[in-house]
Amino acid sequence: MVPVSENQTSLYKYVFPPELDRPTLAIIGLVQPLGAIMPISEMQARWATRVFKGCIKLPSSAAMQRDIKSKQEAMAKRYVSSQRHTIQVDYIDYMDEIADLVGVRPRISRLLLTDPRLGLNLLLGPCTPYQYRLRGPGKWAGARQAIFTQWDRVAQPMQTRPCNEPEPLRSLKWPLLLSMAVAGLAAYYYKNSLLVFLQDPAALLDMMKSWLPTH
């Protein structure tokens with residue numbers, strides 16, 4: 001049905017055979033992404049259903065062949081010639097490419113002006129499928145909130161059990177500084193005695209003995 005030679009097959013955007021008179025066949029998931037494959041398969045399926053319904057028209061067979069050839073040439077420049085690197089795609093670039101065709105790619109530059117918080121989350125945060133539900137066919141009202149809370153769902157499975165907050169340890173900084181200040185003050189006040197002790201330690205010992213009670 002779809003010819004394959006040395007692990008290579010000619011599919012428009014890795015989905016549609018270009019030689020069919022009518023687009024009645026779509027190959028879903030026949031890609032090797034640098035990223036998750038399930039969101040890509042979902043995006044391909046969204047595009048395919050729009051094509052099957054007649055909402056989106058594919059270009060001419062010649063135009064599709066040119067796109068296929070362009071992708072094969074780019075692949076040959078980037079990777080060594082092997083059966084492994086025939087359907088390689090970059091996750092974000094490919095998702096954006098198909099999302100453009102479906103009409104669901106988020107307009108980040110516009111969102112930075114109209115909804116800066118959301119725009120910054122899309123620009124600097126992870127590229128998750130929620131962002132392809134913000135507009136266009138299949139729009140989801142909960143997509144915006146899901147983007148804001150996606151890190152919570154990443155952190156939640158990592159928690160094994162709730163733990164009490166550890167009690168803060170008492171800092172020894174101030175007692176230490178106070179002790180050093182007292183020692184310094186005492187050394188300054190008794191500096192004459194200190195000099196005597198350094199010159200003759202036995203004299204200081206005799207002085208201390210005189211302070212001790214006698215029996």
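Reader: Which exposed residues does the face of helix 5 turned away from its buried side carry?

Author: This is a predicted model. Helix 5 spans residues 116–124, and Leu118, Gly119 and Leu122 are buried in it. Seen down the axis of helix 5, these buried residues fall within an arc of 100 degrees, so they line one face of the helix. On the face turned away from that buried side, the exposed residues are Arg117 and Leu124.

Reader: Which helix supplies the largest share of the lining of the second largest pocket?

Author: The second largest pocket has a volume of about 230 Å³. Its lining includes Lys71, Ala74, Met75 and Arg78. Helix 2 (61–78), strand 2 (88–90) and helix 3 (91–102) each supply at least two residues of this lining. The largest share, four residues, comes from helix 2.

Reader: How many charged residues does the lining of the second largest pocket have?

Author: Among the residues that line this pocket are Asp90, Asp93 and Glu97. By class, the lining has six nonpolar residues and one polar residue, and its charged residues number five.

Reader: Which residues lie nearest the centre of the largest pocket?

Author: The largest pocket has a volume of about 310 Å³. By class, its lining has eight nonpolar, nine polar and two charged residues. Of the 19 residues in the lining, those nearest the centre are Gln8, Gln72, Met75, His85 and Thr86.

Note on methods:
Residues numbered from 1 in each chain as written. Predicted model: local features only at pLDDT ≥ 70, side-chain atom pairs only at ≥ 80, totals over all residues. Heavy atoms only, no water. 1 Å grid on protein atoms, 1.4 Å probe; cavity = no way out; pocket = protein on both sides within 12 Å on 5 of 7 lines; lining within 4 Å. Points joined across faces, edges and corners; volume = space filled by probe spheres on them. Nonpolar A, V, L, I, M, F, W, Y, C, P; charged D, E, K, R; others polar. Buried < 20%, exposed > 50% of the residue type's maximum accessible area, 1.4 Å probe, protein only. Arc of directions from axis to C-beta.
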